[in-house]
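Dear colleague,

I am passing on a structure for your files, together with a short account of what was found in it. Please read the notes below alongside the coordinates.

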Amino acid sequence: MPADNLRPRPLGSSGIAVSAMSLGSWRTFEHLPPDTGAAILAAARDEGINFFDDARYNDETGRAPLPTGYSEVLFGELFRSAGVRRDEVVISNKLWWEFWPEQSAAAELDGSLARMGFDHVDVIYANPPPDGLAIADMVAAVGALVDSGKARAWAVVNWQAGPFAEAVAAAADLGVTAPCAAQLPYSLVRRSWAEGRDMTEALHAAGAGVVASFCLEGGVLSGKYLLGASLGTTAAALALAFPLTNPDVTSVLFGATSPEQLRANCAAAGLLDRLSSGDIARLRRTGAA
C-alpha cells in the first residue's frame with residue numbers, strides 16, 4: 001500500500017511530481033538474480049515510489065555482454081518484467097560526456113534510450129561538462145534534448161555551486177528551461193555541498209530541488225548514531241530521513257538489494273513527523289562529530 005509520506009511533490013518548476021524517496025540502480029541490478037531485481041522494482045511501486053534513476057555504467061561483473069551500458073539494458077528488461085507502467089513513473093538518466101566531442105549529447109541520450117527500450121526519459125541529468133565544452137554550449141545542447149521531446153526536463157548531477165549558478169544564468173539568457181534539480185551527495189556527515197550558501201542561492205534562482213544521494217555514507221550503518229534506538233528505528237532509516245528535514249530536498253535517492261530492504265528504507269520518510277527540532281539538532285551534532 002503506498003505510503004502517504006511518499007506522496008509525489010513538485011520537482012522544481014518542471015511540472016513533474018516525484019516521490020520523496022527514489023530508487024537508484026548504481027552497482028545493484030547486475031549483481032542480483034533477475035527475479036530479485038524485478039521484485040525490487042515492483043515493491044518500489046507498491047510502496048509509492050514513482051522516481052527511478054538509471055544511467056550507463058561500466059560492467060563490474062565480467063559477465064555482461066556490453067563493457068558499458070548493460071546497466072541500461074538490464075534496467076529496461078527488469079522494468080518491463082516487473083509490470084511497471086511507463087506512464088505512471090518518472091525515469092531519469094545521465095549524460096556523462098565520456099565520449100564527447102565525438103558523441104554529442106543527442107547521440108549519448110539516443111544510445112541510452114535504445115539500450116533501455118524507451119522513447120524518452122523524464123529527467124536527463126548533466127554531469128559537469130568536460131574540458132572544451134563551455135557551460136552555455138552545454139546548456140543549449142541539453143535544452144535541445146528537452147525541445148526534441150527526448151527528455152521532459154533537465155537537471156545536474158554533482159556540480160559545484162559556481163558552475164551550477166553559471167548554468168542557471170545561461171539557461172535564462174538562452175531562453176532554455178531552468179534545471180529542475182541538482183543531484184548532490186548529502187548526508188549527516190557531508191552537508192556543506194547541498195547546504196552551502198552559494199548552492200542554496202543557485203537552487204533558489206533556478207527554482208530547483210535537491211535529489212539527495214549517498215545518504216548512507218560515513219559509517220551510519222555501524223551503529224554509532226544511537227539516536228535511532230530511542231526513536232524505535234534504525235540508524236539507516238534516520239540517515240535516509242535526515243536530508244528530508246531540509247526543505248530544499250525533493251527526493252532521497254537510495255539503492256536496495258531486496259524488497260525487504262527497499263520497504264525498510266521507504267519507512268524513513270515516515271520519521272519526519274516524529275523528529276522534533278531537538279532530535280534534528282542532535283542528529284546534526286552527531287554527524288558533525
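At 16% relative accessibility, Arg 191 counts as buried, because buried means under 20% relative accessible area, exposed over 50% and partly exposed in between (1.4 Å probe, protein chains only). Its partner in a salt bridge is Glu 195, with 4.0 Å from N to O; Glu 195 counts as partly exposed, at 27% relative accessibility.

Two remarks on conventions belong here. This is a predicted model, in which local features need pLDDT of at least 70 and side-chain atom pairs count only at pLDDT 80 or more, whereas totals for chains, interfaces and linings use all residues. Residues are numbered from 1 along each chain as its sequence is written, and side-chain values use heavy atoms, with hydrogens and water left out.

Salt bridges

Side chains of opposite charge can pair when their charged atoms come close. A salt bridge is taken as a side-chain nitrogen of Lys or Arg within 4 Å of a carboxyl oxygen of Asp or Glu, and by this rule the count comes to 15. One of them joins the side chains of Arg 45 and Glu 88 at 3.4 Å, N to O. Arg 45 lies in helix 1 and Glu 88 in the loop between helix 2 (70-81) and strand 5, so this pair ties together parts that are 43 residues apart in sequence. Helices (H or I, at least four residues) and strands (E, at least two) are DSSP runs numbered from the N terminus. Both partners are partly exposed: Arg 45 has a relative accessible area of 22%, and Glu 88 one of 39%.

Asp 53 forms a salt bridge with Lys 94, the closest N and O atoms being 2.6 Å apart. This pair also links distant parts of the chain, with Asp 53 in strand 4 (residues 51-53) and Lys 94 in strand 5, 41 residues apart. Here both residues are buried, Asp 53 with a relative accessible area of 5% and Lys 94 with 4%.

Asp 248 sits in the loop between helix 9 (235-241) and strand 10. The side chain of Asp 248 does make a polar contact of 3.0 Å with that of His 204. A polar contact is a pair of N or O atoms within 3.5 Å; within protein, one must be able to donate a hydrogen and the other to accept it, and residues adjacent in sequence count only if both atoms are side-chain atoms.

Pocket and cavity

On a 1 Å grid over the protein atoms alone, a cavity is a set of points where a 1.4 Å probe fits but cannot get out, and a pocket is an open set with protein on both sides within 12 Å along at least five of seven lines; lining residues have an atom within 4 Å of a point. Grid points are joined across faces, edges and corners, and a volume is the space filled by probe spheres set on the points.

The largest pocket holds about 600 Å³ of space. Its lining consists of 24 residues, with Trp 26, Phe 214, Leu 253, Phe 254 and Gly 255 nearest the centre. Strand 10 (249-254) and helix 10 (259-266) are the elements that give two or more residues to this lining. By type, the lining divides into eleven nonpolar, ten polar and three charged residues, where Ala, Val, Leu, Ile, Met, Phe, Trp, Tyr, Cys and Pro count as nonpolar, Asp, Glu, Lys and Arg as charged, and the others, Gly among them, as polar.

There is one cavity of 30 Å³ or more, and the largest cavity has a volume of about 50 Å³. The residues lining this cavity are Glu 30, Tyr 57, Asn 58, Asp 59, Ala 64, Tyr 70 and Ser 71.

Backbone geometry

Most residues other than glycine have a negative phi, and most peptide bonds are trans. The bond from Trp 100 to Pro 101 is cis, with omega near 5°. Trp 97 has a positive phi near 65° and lies in the loop between strand 5 and helix 3. Arg 27, with a positive phi of about 55°, is in the loop between strand 3 (21-23) and helix 1 (34-47).

With kind regards
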